[in-house]
Amino acid sequence: MTHLGMGALRTRKAAALAAVAAASLALAACSGGGGSTDETTSATTGPSAAESGEVSWWGWTPDTPVAERYIAEFNKEYPDIKVTYRNFENVDFRNALAPALDSGEGPDVFDLSPAGGSPDTWGPYALDLAPFAEEVLGADWESKFGANYVRQLSDSEGRVVSLALGGMAAGFVWINQDIFDEAGAEVPTDYDSWVAACDKITAIGKKCFTMGAGGEDTFPTEMFHSVANSVDPAFFLKAAVGDARWDDPEGIATLEIFKMLKDDGIIADNVLDAGQYPLANEEFMKGEAAMVQMGFWYTQYSGAESCLSAMESAGVSNPECFVQLPAEFPDVAGNGNGSEYFGEVDYGLAINADSANIGPAKTFIQWMTMSEAGQQNVANALDLLPSLGGVAPNWDNITLVDQEVQQPAIEQLIDDSNATTQSRQWQTSEDTLDAIVLAIQQVFDPTINMSIEDIAAQLQESSVPSTVGVE
Amino acid sequence: MAILARSAGSLNSNPGAKRGGWPRPGAAHLVPGGLKWILPGFILSVGLIYYSIIYSGYLSFFDWPGGRQEMTAVGSANYLEAFADPVFWTAIRNVLVYFVVIFTVQVVGGIAFAAALHSKVYLANIYKIIIVVPVVVAPATMAPAHIEVWQTNGTFNTILRAIGLGAWTQGWIGQSTTSLLVIIMAGCWGAIGFGFILYFAAIGQIDPEIIEAARIDGAGNVRLLASIVLPGVRSVTFSLGILNFMTALKLFDGPWLLTQGGPAHSSEFLGTMIYAETAGSSRNLGYAAALSIILLVLAVGVSIAIQMRSREKSPTGARKRKAKVANDV
């Protein structure tokens, strides 16, 4: 055996040490990792509301200026709680939130919507807020919120994982009245009048209806829902929960109308270039398009100030606000009805159960969701329908671009939106939403030669019926 | 084998020599001499990276929506789902097409520009800057620019109309047949510059005497390129082959920023599929892990294949040479 010498021995030891270190690192990580089925935070409700501290809030909505207004109002009552808001684009939000919450570096408060099963996806990270709500609002606290809001924000085990900030409605369109006036066009009420209006609008060099259906965002499902409502008001929700098939005649009729809308030029050629945000939002806000389908949250851009900042964000250097008004969805199917409005709670605020700032977080969401001052703020922002019943916008504090024309239209919109009975995304699974987007992209893409029947059949196959809210 | 033979020979020939210090060649062949220097990196590498790989492998046999939701054991269902998923095969096809095109463009463009700029060219430095700038531009910065160019009302269509090819205008980004093309164009833009940097350096290493000799023998530029330059930069070409394949396999930021894998999944890559499965709300981390393992297997397999190909082509067996030296001693 050769004599190895000190040098080699040291090398051997070092190698062994390295192996042990690596192995122990691996084992240590092993023991801590893995998905756990251990207890969630159902038992604890955390510390009680505190009057000072810091709170970080993440959401895809509201816009940052709106959030900062909320926070400024909040700080009038609670000056010692510092709230920082971080805004994300729709798709980016859920992509960013998941790793943040998993890593333990997540926000203290985050938006949580009823859409696509979110309460079950994000619920395990959130505190059950039912005891807190009862503490603040009393035993009948559930009835104080808008219809069904509490249920829509509870997970399958009945934990109330977020408290409703406000509701949302969709199924209508927004028009740029200035373009309509300039083109001499009438607001369309059915398919033929829509084609006629578009002719006049494109004649003055503007786009008629802007829509973005590219990418991964699920906005196109709103259009699908509206068109389906025009075909048969009961169809969409029945298919969403599996009581009807997406390739039933109503489903096929819906997709065929999409094709017609594109072929007849109502929906433009660049619809697949990008998603609704930024494509449709920018085109409408730049004043290049006469119509866009957006929900109640777009009401805020009727405000004189919000309109300017939205136009600036869209890239207009010296913005001049236009008059935007809501309009009913045209009767595209020819069955005598446009689209019923559909709505539900838009989102609520959830508290991260791992947060170190649960006390001040509770104060913040109590003010936002359960106090009249906070909810008045929500009403005035014209972004959400207040979730706490009985709060209406204080028009003395709100300046619209054209108060005379827009105020009555918005008041009507609020009343109609509060009366919705059809849910929006609460009872549609995420898989179904994705499948609808795919189907729409297949209909719009001129290079895909699938028949409508095949597209509908694929939609039916890829969709997953929702079990949410089904007795 | 050859190394052992050599070290045994050296020990036998110097029985009395006291070799102090470390490490003695004879003993050190099993443990590399610089181990204590690479120890920190080694621990990090083995501890972190290989642990992650093994954990991903473990995870791929489960369905797991992530976070605090339940993990359900599903055996090899995730792999079967991947192989049965037409989107997966679209992604594989896209990876291969991207690799072939980018690699070809990079090699051809890189060598062409490098050879051209090695000859006497006026304002050579300006050209070098222009060629290399795309390499340093971050994907997130170049994506909006490319969208501006390729969108339906974008620059490219405007140019086509201006030169009378209006019939060719289409929604390049928003069509399943051309979405991959847009991503490849965006990739080519930076690829040529990178190839240029490597080839420029490699061509500079070629012995100028060989080139002189070839010129004296009457070789023209093209013959010079084909017979002297190309073989001389072969190692760079093989390295670029491996690099490009790895890039194509992992590709994410370009496709995600430009098309998000759409429309209708036509421009999906393995990278975008894994991301969508990891970060969306209807995610299954087990499926994402399975896709990652498939990616790993492909990466390692192709690396080995390319390495073996490059070794076959070396002029003489390097090992044989070493054995001769040992026998002489």
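Tutor: The following dialogue takes up the features of this predicted model in turn.

Student: How many helices and strands does chain A have?

Tutor: Chain A has 19 helices and 10 strands. In chain B there are 15 helices and two strands.

Student: What do the contacts say about how each chain folds back along its sequence?

Tutor: One takes the contacts between residues at least 6 apart in sequence and asks what share joins residues at least 24 apart. That share is 79% in chain A and 68% in chain B.

Student: Which domains does the assignment give for chain A?

Tutor: Domain 1 of chain A covers 53-169 and 344-392, while domain 2 covers 172-340 and 422-462. The C-alpha centres of the two domains are 28 Å apart.

Student: How many residues of domain 1 of chain A are in contact with domain 2 of chain A?

Tutor: On the side of domain 1, 19 residues take part, and they touch 19 residues of domain 2 of chain A. The elements that supply two or more residues to the domain 1 side are α2 (64-77), α3 (90-103) and β4 (163-170) of chain A.

Student: How is the packing of two helices described? I have α18 and α19 of chain A in mind.

Tutor: One gives the angle between the axes, the distance between them and the residues that touch. Helix α18 (residues 430-444) and helix α19 (residues 452-462) of chain A pack at about 165°, and their axes are 9 Å apart. Angles over 145 degrees count as roughly antiparallel, and α18(A) and α19(A) are therefore roughly antiparallel to each other. The crossing of α18(A) past α19(A) is right-handed.

Student: Which residues make the contact between α18(A) and α19(A)?

Tutor: From α18(A) come D431(A), A435(A), I436(A), L438(A), A439(A), Q442(A) and V443(A), and from α19(A) come I455(A), Q458(A), L459(A) and S462(A). Seven residues of this contact are nonpolar, three are polar and one is charged.

Student: Is helix α13 of chain A mostly covered or mostly open?

Tutor: Helix α13 (residues 276-285) of chain A is mostly covered, with eight of its 10 residues buried. Among the buried residues are L279(A), A280(A), F284(A) and M285(A), and also E282(A) and E283(A). The buried residues of α13(A) pack against β5 (172-176), β6 (207-210), β7 (289-292) and α14 (304-313) of chain A. Just after α13(A), G287(A) has a positive phi of about 80°.

Student: Where are cis peptide bonds found in chain A?

Tutor: One joins T61(A) and P62(A), with omega about 0°. P62(A) is placed in the loop between β1 (53-59) and α2 of chain A. Another runs from Y277(A) to P278(A), with omega near 20°, and P278(A) lies in helix α13 of chain A.

Student: Which loop holds L382(A), and what is the phi of L382(A)?

Tutor: L382(A) is in the loop between α16 (372-381) and β10 (385-386) of chain A. Its phi is near 55°, a positive value in a residue other than glycine.

Student: Is L382(A) buried or exposed?

Tutor: L382(A) counts as buried, because 24 C-beta neighbours lie inside 10 Å.

Student: What is the setting of L123(B)?

Tutor: L123(B) lies in the loop between α4 (86-118) and α5 (124-136) of chain B. The phi of L123(B) is also positive, near 60°. With 8 C-beta neighbours inside 10 Å, L123(B) counts as exposed.

Student: Why is W189(B) classed as partly exposed?

Tutor: W189(B) has 18 other C-beta atoms within 10 Å, and is therefore partly exposed. This residue lies in helix α8 (residues 179-205) of chain B.

Notes
Residues are numbered from 1 along each chain as its sequence is written. Chains are lettered from A and ligands numbered from 1 in the order in which they are written. This is a predicted model: local features need pLDDT of at least 70, side-chain atom pairs count only at pLDDT 80 or more; totals for chains, interfaces and linings use all residues. Helices (H or I, at least four residues) and strands (E, at least two) are DSSP runs, numbered from the N terminus. Two residues are in contact if their C-beta atoms, placed from the backbone, lie within 7 Å. Domain bounds come from an automatic or database domain assignment. A residue is buried if 20 or more other C-beta atoms lie within 10 Å of its own, exposed if 12 or fewer, and partly exposed in between; C-beta atoms are placed from the backbone. Axes are lines fitted to C-alpha atoms, for helices over the stretch in contact, and angles run from 0 to 180 degrees between N-to-C directions. Angles under 35 degrees count as roughly parallel, over 145 as roughly antiparallel, 65 to 115 as roughly perpendicular and the rest as oblique. A crossing is left-handed if the near helix is turned anticlockwise from the far one by less than a right angle, and right-handed if clockwise. Ala, Val, Leu, Ile, Met, Phe, Trp, Tyr, Cys and Pro count as nonpolar, Asp, Glu, Lys and Arg as charged, and the others, Gly among them, as polar.
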